[in-house]
Amino acid sequence: MEKTIEKLLFASRWILAPVYLGMSLALVALGIKFFMELYHLLHDVFAMSEADLVLMLLAMVDMVLVGSLIVMVMFSGYENFVSALDVDENVEKLSWLGKLDANSLKLKVASSIVAISSIHLLRAFMETPARVDEGREATLMWYVIIHLTFVVSAVMMGVLDRITAKSHGSHDHQGET
């Protein structure tokens, strides 16, 4: 009975495979939205102000970062939690593929969230008129607080990961002596 349960639990990891496939469809949707924005940019570039151009470019950079995050989570998550990817030798392979464990993936996701949050914060500041009303000022304050929360969380995750790596390393070396 125990072996059967263990086999079922181990096989249940394949439930994640359609989820990762769904992420690839989300990536397609993001790509469509990106090219729609690119079309609007090219169509309106001569009529828009420099500030509007920068805001649109920031939105596009934001989409690229989100797309990169989706690819990273999709491939690394599949490889860490479902099955190793069998990539042919003659096919171009991503340099980080197979090297991101769950902890390093978590740090990469946190770093990406900080970068995306930074872009949103910059866009919010650029969209704000020089004279800020009280309601908008409070909104910007909350954006900054939320962004700083992401930054502190990412830094703390990195510090904890480093501490954990050092403690595992010191235990490994103690076992060798």
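Helices here are DSSP runs of H or I with at least four residues, numbered from the N terminus. This is a predicted model, where local features need pLDDT of at least 70, side-chain atom pairs count only at pLDDT 80 or more, and totals for chains, interfaces and linings use all residues. Residues are numbered from 1 along each chain as its sequence is written, and side-chain values use heavy atoms, with hydrogens and water left out.

**View A. Ser-76 in helix α3.** Ser-76 sits in α3, which covers residues 50–81. Skip the neighbours within four places in sequence, and Ser-76 is in contact with Trp-96, Leu-100 and Leu-105 (heavy atoms within 4.5 Å).

**View B. Helix α2 and its buried residues.** Helix α2 runs over residues 16–44, and its end C-alpha atoms are 42 Å apart, which agrees with the 42 Å that 29 residues should span at 1.5 Å a residue (1.5 Å times one less than the number of residues). Buried in α2 are Ala-17, Tyr-20, Leu-30, Phe-34, Glu-37 and Leu-41. Part of what covers them is α3.

**View C. A nonpolar surface patch.** Ile-113, Met-141, Trp-142, Ile-145, Ile-146 and Phe-150 make a patch of about 540 Å². Helix α5 (residues 134–176) gives the largest share, 5 residues. Met-141 belongs to α5, and at 43% relative accessibility it counts as partly exposed. Patch residues have over 30% relative accessible area and no salt bridge, with nonpolar side chains (Val, Leu, Ile, Met, Phe, Trp, Tyr) joined within 5 Å and like charges within 9 Å. Areas come from the Shrake-Rupley method with a 1.4 Å probe, and for residues only the protein chains shown count as cover. A salt bridge puts a side-chain nitrogen of Lys or Arg within 4 Å of a carboxyl oxygen of Asp or Glu.

Terms used. Helix = DSSP H or I, 4+ residues; strand = E, 2+ residues; numbered from the N terminus. Buried < 20%, exposed > 50% of the residue type's maximum accessible area, 1.4 Å probe, protein only.
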